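Keep the model open as you read.

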Amino acid sequence: MSNTKRVFLGDSLTMRHNWSGFKAANMGIDGDTTAGVLRRIHQTHSADTIVLMIGVNDILNQLPLITIQKNYMKIFKSFTSDQKVYLLSLLPVIDDKQTKTINQQIRTLNRWLKEEVKKHDISFIDLYPLFLNSSETGLDRQFTSDGIHLTSKAYTVWEGQIKKVLTKD
C-alpha cells in the first residue's frame, strides 16, 4: 500500500487531528453532515483508501434516522469497486440528561451501519466501546474537551485501532 492515496473523510472529529502519520489527506470539515459528505464525495474518487466517520452532527441537528440512513446508502453507492472503504462507528457523546436520546440514536445508527456495510463490501471499525465511560452510558470524560470533541488521548486510541486495520490490508 505504499503508493496508496488515503483520505480521512468526516466532520470536526476528523478535521481536528493530524492524520499525516497515515500518509492521508484530511477531508474533515467542522459541522459536516452526511448531506455534506454527499455533496463532496466526488473529491474522493482518486483515493484508494477512505476512512469515513460522519453522522453525529445529523443527530445533533435532529435529522430523522431514516434520512441519515438514506444519505449513508447514497454515500455507500458512490464509492468505486476498487476503493477500500473503512466506516468508523460514531462515538458516544458525554452522558447527561440532555444527551441520553443522542447516545441512544448513536447506538441505533451504529447497529444499522454495522449491518448495512456488509451489503457494500465496506469494513466496519467499531470504535464506540473504546470511548465509553465506566457505566457505558456516554463518552468517557478523559477523552473529551467539551462533551463531544476529542482530547489527544482519545486520538491515540483512535489511531491505534486504525493502524491495526490498515496494516493488515
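Leu-9 has Leu-52 as its bridge partner in β3, and that pair is a handy way into the sheet. Helices and strands here are DSSP runs, numbered from the N terminus, with at least four residues (H or I) for a helix and at least two (E) for a strand. β1 and β3 run parallel and are joined by five bridges; two strands count as paired if DSSP finds at least two bridges between them. Before going further, note that this is a predicted model, where local features need pLDDT of at least 70 and side-chain atom pairs count only at pLDDT 80 or more, while totals for chains, interfaces and linings use all residues. Residues are numbered from 1 along each chain as its sequence is written, and side-chain values use heavy atoms, with hydrogens and water left out.

On to the other neighbour of β1. Strand β1 (residues 6-10) also pairs with β2, again in the parallel sense and over five bridges, and here Val-7 stands opposite Ala-25. Put together, five strands make an open, parallel sheet in the order β2-β1-β3-β4-β5. β2 and β5 (123-125) are the edge strands, each pairing on one side only. On average, neighbouring strands of this sheet are turned by 20 degrees against each other, direction ignored; axes are lines fitted to C-alpha atoms, for helices over the stretch in contact, and angles run from 0 to 180 degrees between N-to-C directions.

How many residues of β3 are buried? Five of its five are, where buried means under 20% relative accessible area, exposed over 50% and partly exposed in between (1.4 Å probe, protein chains only). In a regular strand, side chains alternate between the two faces of the sheet. In β3, Thr-49, Val-51 and Met-53 point one way and Ile-50 and Leu-52 the other.

Leaving aside neighbours within four places in sequence, Thr-44 touches Val-7, Leu-9, Met-27, Ile-50 and Gln-83, contact meaning heavy atoms within 4.5 Å. Thr-44 counts as buried because its relative accessible area is 1%.

Now for the helices. α4 has 14 residues and spans 20 Å from first C-alpha to last, close to the 20 Å expected at 1.5 Å a residue; that expected span is 1.5 Å times one less than the number of residues. Its buried residues are Ile-68, Gln-69, Asn-71, Tyr-72, Ile-75, Phe-76 and Ser-78, and what covers them includes α2, β3 (49-53), α3 (56-60), β4 (84-88) and α5 (100-116).

How does α4 sit against α5? The two pack at an angle of about 30 degrees, with axes 11 Å apart. That makes α4 roughly parallel to α5, since angles under 35 degrees count as roughly parallel, over 145 as roughly antiparallel, 65 to 115 as roughly perpendicular and the rest as oblique. The α4 side of the contact includes Leu-65, Tyr-72 and Met-73, and the α5 side includes Trp-112 and Leu-113.

Leu-65 lies in α4 (residues 65-78) and, not counting residues up to four places away in sequence, touches Gln-105, Thr-108 and Leu-109. Leu-65 is partly exposed because its relative accessibility is 25%.
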